[in-house]
Amino acid sequence: PWMERVKTVFGLLLLAVAWWLVGTARAMLALARQHALDRVQFGKPIASFQAIRHRLAETLVAIEGAEATLTLPGTDSLDLTALLAKAAAGKAALTAAKHCQQVLAGIGFTDEHDLHIHVKRALVLDGLLGGSKELTKKAGAGLRARGSAPRLAQL
């Protein structure tokens with residue numbers, strides 16, 4: 001009983017950090033989106049350029065996917081769900097950092113812009129309690145040892 005509670009507490013910690021990662025990813029996306037709407041290049045907002053739109057769209061898809069993992073209804077395997085949710089949230093935050101930095105270009109590297117705060121936060125939080133790559137490998141190894149994968153969502 002005590003060990004199961006510890007696992008559950010660890011799972012809840014993973015979920016809390018994952019929500020924080022999703023929040024910082026959304027903040028980065030909002031900053032990049034607003035910059036793309038405001039910044040004019042060649043007589044039109046850079047938000048109209050396909051490359052910018054693709055980066056922002058890929059970021060949104062990563063964030064929405066991570067949030068969908070976080071909002072799964074109660075499952076039989078809380079620890080597995082938490083591992084996968086934290087991994088997806090970390091990947092989403094790192095994707096947001098990469099793409100939003102590209103959209104913001106030079107201004108995103110400066111201390112005058114708030115992006116650097118969120119990038120640093122994403123890097124630290126992704127590493128906290130296990131990085132996205134590490135957690136994905138851990139979840140995969142657990143499933144391989146188990147020999148089957150539990151149903152996490154009813155489709």
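Modeller: Two ground rules before we start: contact means heavy atoms within 4.5 Å, and a helix is a DSSP run of H or I, at least four residues, numbered from the N terminus. This is a predicted model, where local features need pLDDT of at least 70, side-chain atom pairs count only at pLDDT 80 or more, and totals for chains, interfaces and linings use all residues. Residues are numbered from 1 along each chain as its sequence is written, and side-chain values use heavy atoms, with hydrogens and water left out.

Biologist: Fine. Which residues in helix 3 and helix 4 meet?

Modeller: From helix 3 you have Lys86, Gly90, Ala93, Leu94, Ala97, Cys100, Gln101 and Leu104. Across from them, helix 4 brings Leu115, Val119, Ala122, Leu123, Leu125 and Asp126. That contact of helix 3 with helix 4 sorts into 10 nonpolar residues, two polar and two charged. (Asp, Glu, Lys and Arg count as charged; Ala, Val, Leu, Ile, Met, Phe, Trp, Tyr, Cys and Pro as nonpolar; the others, Gly among them, as polar.)

Biologist: And at what angle do helix 3 and helix 4 pack?

Modeller: Two packed helices are described by the angle between their axes and the distance between the axes. Here helix 4 (residues 115-127) packs on helix 3 at about 155°, and their axes are 9 Å apart. So helix 3 runs roughly antiparallel to helix 4 (that is, over 145 degrees).

Biologist: Now helix 5. Where do its residues meet helix 3?

Modeller: Ser132, Leu135, Thr136, Lys138, Ala139 and Leu143 of helix 5 meet Leu80, Leu83, Leu84, Lys86, Ala87, Gly90, Lys91 and Leu94 of helix 3. In the contact of helix 3 with helix 5, eight residues are nonpolar, three are polar and three are charged. The axes of helix 3 (residues 78-104) and helix 5 (residues 132-146) come within 8 Å and cross at roughly 150°. Helix 3 and helix 5 are therefore roughly antiparallel too.

Biologist: What is threonine 69 in contact with?

Modeller: Threonine 69 belongs to helix 2 (residues 50-70). Setting aside neighbours within four places in sequence, threonine 69 contacts Thr81, Leu84, Ala85 and Ala88.

Terms used:
Helices (H or I, at least four residues) and strands (E, at least two) are DSSP runs, numbered from the N terminus. Axes are lines fitted to C-alpha atoms, for helices over the stretch in contact, and angles run from 0 to 180 degrees between N-to-C directions. Angles under 35 degrees count as roughly parallel, over 145 as roughly antiparallel, 65 to 115 as roughly perpendicular and the rest as oblique.
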